[in-house]
Amino acid sequence: MLFQQIATTIAAAGEAEHEELAPLWAEPWVFGIVMFAILLVMMFVTLSYNNLGNRHTATEEHADPHRQHPNKHDHGQGH
C-alpha cells in the first residue's frame, strides 16, 4: 500500500510541469565561499584560546577542609 502511494506520487511529480526555482541573490559558489570563510574565522577564534592556560605558572592548590565540596583525594595535603 505504501509503495503504491510512493509510486503514484513519483509518477504524478514526473508528469507535472517543473516548478521554477527561487531566485538567488548571488551565485551558488558564493554561498560556499562565504560559509567556508565564516568557519575559518570561527576556527581561528577558537585556536586563539589554545594557549590561555599557560599565561601563569601553575600553583599547588591548598587543601581547605572547610570548603563546601572538599577534594576527597587531596593526597595528604590537608589534615
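Colleague: How many helices and strands are there in the protein?

Modeller: Two helices and zero strands. Both terms are DSSP runs, numbered from the N terminus: helices are H or I with at least four residues, strands are E with at least two. This is a predicted model, where local features need pLDDT of at least 70, side-chain atom pairs count only at pLDDT 80 or more, and totals for chains, interfaces and linings use all residues. Residues are numbered from 1 along each chain as its sequence is written, and side-chain values use heavy atoms, with hydrogens and water left out.

Colleague: Why is Phe 44 called exposed?

Modeller: Its relative accessibility is 53%. Exposed means over 50%, buried under 20%, partly exposed in between (1.4 Å probe, protein chains only). So Phe 44 counts as exposed. Phe 44 lies in helix H2, residues 28-48.

Colleague: What share of the residues counts as buried?

Modeller: Of the 79 residues, 3%.

Colleague: What makes the rings of Trp 25 and Phe 31 a pair, and why is the pair called edge-to-face?

Modeller: The structure holds one aromatic pair. The ring centres of Trp 25 and Phe 31 are 5.1 Å apart, and the planes stand at 75°. Rings of Phe, Tyr and Trp (its six-membered ring) pair if their centres lie within 6.5 Å; planes under 30 degrees apart are stacked, over 60 edge-to-face, the rest tilted. So this pair is edge-to-face.

Colleague: How do you know whether Trp 25 is buried or exposed?

Modeller: Trp 25 has 75% relative accessibility, so Trp 25 counts as exposed. Phe 31, at 27%, is partly exposed.
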